[in-house]
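Keep the viewer open and follow along.

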Amino acid sequence: MLKQAQTLPVTVEQIAVAVRQMTRADQQHLLDLAPDLRRLARQAPVRTVAEASDNVTAFRGKVLATLGGQWLSPDEPLVAGLTLGQYNALSDDEKANLWDRLAQVNLMELDEIEVGPDALLAR
Amino acid sequence: MRCLLDKVTARLAVQGLLQLGEGQALADEELLALDLALRASRPPHHLFIVPPTASVLHQFAEQPRFSPIIQLFLAHVEVLRPAHYFKRWARRLRELGFTREDAAVLALSTFGTDSGSTFLGIEVVATYDQAMTNNWMMQRDKIQKRLSAMQRHLLAPYCHARLPQVLRPEQAVIK
């Protein structure tokens, strides 16, 4: 169930009805007044798990070929004294901590590179 | 389009790759992270990781059995390097409440380049860090003002550097 707006004596559903009854110009004005709405709309998922699964499954053959046609075994040593099976059994926080420990690079200590005026800019 | 996987998203993509290598099913976040890695590394797009991720992956690759699969991932990505003004911008972002690591990743996305210095900045940061994403979204206007204020004193191309979109992997549009 949607939460009631905390500072207004109306529900979110009532606001939605009002928005649907607005003119296009008023809806545009609302977006200008509440730009977070526009940002939220842009952040809607564009990729489903099913679509991702199709894409990744198609890549499985290349992975297997890379491994010489033999699946990885959970008993194989991976990193930091852990086998693949032991790594997989770690919680997400434990995996994150392990990566932090292995990273050994502080971005703030790296040298900055000079970029020329003709470099491509982000669009 | 240039897309950066933050450390967690890169880790999830690599874990997905290892799961594939075991013939196992992937968790949803691993699946979506690996899917983005595959989509965003196809020409004309470019996929990037941060230097700490590259450091971890090189250690994974020391095991002969895992080396081919890690090299396969590394063949799809480039390492984003700090360009001039990266540190200054990271300090400004710290003042806006971002953690040290988040500020560094976000600053790198605006003032980052490749080893050949062919570009400045990337368009998308893919992350599952909801706290960072929320802070970015809520303060986007203030962040833009801080960047513009800093850029008034910079020469090209730095004065034209832009803020990225900060998105979950499944939200990234790759055309």
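The buried residues of α4(B) pack against α4 of chain A, and also against α1 and α3 of chain B. Here, two residues are in contact if their C-beta atoms, placed from the backbone, lie within 7 Å. A residue is buried if 20 or more other C-beta atoms lie within 10 Å of its own, exposed if 12 or fewer, and partly exposed in between, again with C-beta atoms placed from the backbone. Helices (H or I, at least four residues) and strands (E, at least two) are DSSP runs, numbered from the N terminus. Before going further, please note that this is a predicted model, in which local features need pLDDT of at least 70, side-chain atom pairs count only at pLDDT 80 or more, and totals for chains, interfaces and linings use all residues. Residues are numbered from 1 along each chain as its sequence is written, while chains are lettered from A and ligands numbered from 1 in the order in which they are written.

Which residues of α4(B) are buried? They are B:I69, B:I70 and B:F73. These residues lie on the same side of α4(B), because they cover an arc of only 95 degrees around the axis. The arc is that of the directions from the helix axis to the C-beta atoms.

Helix α3(B), residues 51-60, can be read in the same way. Its buried residues are B:P52, B:T53, B:V56, B:L57 and B:F60. They too share one side of their helix, α3(B), because their arc around the axis is only 135 degrees. The cover over the buried residues of α3(B) includes β1 (77-79) and α6 (92-103) from chain A, along with α1 (7-22), β2 (46-49) and α4 (67-74) from chain B.

Two strands pair if DSSP finds at least two bridges between them. β2(B) runs parallel to β1(B), with four bridges joining them, and B:L47 is the bridge partner of B:C3. β2(B) is also joined to β3(B) by two bridges, again in parallel, and there B:F48 stands opposite B:E78. Zooming out, these strands belong to an open sheet of five strands in chain B, ordered β3-β2-β1-β7-β8 with parallel pairing. β3 (78-79) and β8 (165-167) of chain B each have a single partner strand and stand at the edges, so one side of each has no neighbour in the sheet.

Now take chain B as a whole. It contains eight helices and eight strands, and 53% of its 175 residues are buried. Its C-alpha trace spans about 55 × 35 × 30 Å along its principal axes. The radius of gyration, taken over C-alpha atoms, can be set against a globule rule of 2.2 Å times the number of residues to the power 0.38. Chain B has 16 Å, which agrees with the value near 16 Å for a compact globule of 175 residues. Among contacts in chain B with a separation of 6 or more, 71% are between residues 24 or more positions apart.

Chain B is divided into domain 1 (2-78) and domain 2 (81-171), with bounds that come from an automatic or database domain assignment. The C-alpha centres of these two domains lie 22 Å apart. Their contact takes 14 residues from domain 1 and 15 residues from domain 2 of chain B.

What about the partner chain? Chain A has six helices and three strands, in the order α-α-α-α-β-β-α-α-β along the sequence. Buried residues make up 10% of its 123 residues.

Finally, look at where the two chains meet. The contact takes 45 residues from chain A and 59 residues from chain B. On the chain A side, α4(A) gives the most, with nine residues. By class, that side has 30 nonpolar, six polar and nine charged residues; Ala, Val, Leu, Ile, Met, Phe, Trp, Tyr, Cys and Pro count as nonpolar, Asp, Glu, Lys and Arg as charged, and the others, Gly among them, as polar. The chains are also linked through strands: two bridges join β3(A) to β6(B), residues 119-120, and these strands run parallel. There, A:L121 stands opposite B:L120.
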